[in-house]
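Dear colleague,

Please find the structure below, handed over for your records. My findings come after it.

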Amino acid sequence: MVMKNYMEEVVVDELEGVLKSIEGACTCELCREDMVAWTLNRIEPLYVVRNLGRIYSKLEQVKYQQQASITALLTKAAKVVKDNPRH
Ligand SMILES: [Zn+2]
């Protein structure tokens with residue numbers, strides 16, 4: 001069974017814009033992963049079966065509904081990781 005957490009995709013999509021707004025945030029792979037993980041641990045997961053095209057529009061709706069709170073969480077995550085980098 002191939003499942004994926006759709007929220008992961010949403011968070012990764014948002015990350016780029018958030019990183020640009022945080023001055024001095026490290027953008028290496030390790031820090032990016034930490035920011036995504038930190039955020040995903042604080043939102044409800046939304047598991048979907050890979051390549052299920054017909055529910056895509058419903059997912060887009062979820063994305064728009066949650067975008068603001070995800071951006072806020074990601075901004076916080078970026079600051080946490082910036083202050084406590086793992087490297
Ligand atoms: Zn880094």
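The notes that follow cover the overall fold, the zinc site and one arginine.

This is a predicted model, in which local features need pLDDT of at least 70 and side-chain atom pairs count only at pLDDT 80 or more, while totals for chains, interfaces and linings use all residues. Residues are numbered from 1 along each chain as its sequence is written, and side-chain values use heavy atoms, with hydrogens and water left out.

Overall fold

The protein has three helices and two strands, where helices (H or I, at least four residues) and strands (E, at least two) are DSSP runs numbered from the N terminus. Read from the N terminus, the order of elements is β-α-α-β-α. Along the principal axes, the C-alpha atoms fill a box of roughly 40 × 25 × 20 Å. Of the 87 residues, 34% are buried; buried means under 20% relative accessible area, exposed over 50%, and partly exposed in between, with a 1.4 Å probe and protein chains only. Contacts (heavy atoms within 4.5 Å) between residues at least 6 apart in sequence join residues at least 24 apart in 85% of cases.

Zinc site

The zinc ion has four protein donors, Cys-26 (SG), Cys-28 (SG), Cys-31 (SG) and His-87 (NE2), at 2.1 to 2.3 Å. Donors are N, O and S atoms within 2.8 Å of the metal (3.2 Å for Na, K and Ca); water is not among the atoms, so sites may look incomplete. The arrangement is tetrahedral because the angles subtended by the four donor atoms are 96 to 118°; four donors count as tetrahedral if all angles lie between 85 and 135 degrees. Along the chain, the donors follow the spacing C-x1-C-x2-C-x55-H. Cys-28 sits in the loop between α1 (6-21) and α2 (29-40), and His-87 in the segment after α3 (56-83), so this pair ties together parts that are 59 residues apart in sequence. Cys-28 counts as partly exposed, because its relative accessibility is 27%, whereas His-87 is exposed, with a relative accessible area of 56%.

Arg-32

Arg-32 belongs to helix α2 and, at 22% relative accessibility, counts as partly exposed. Leaving aside residues up to four places away in sequence, Arg-32 touches Leu-15, Glu-16, Leu-19 and Thr-27. Its C-alpha atom is 9.6 Å from that of Ala-77, a residue 45 places away along the chain.

With kind regards

Note on methods:
Tetrahedral: all angles 85-135°; square planar, octahedral: opposite > 155°, others 65-115°.
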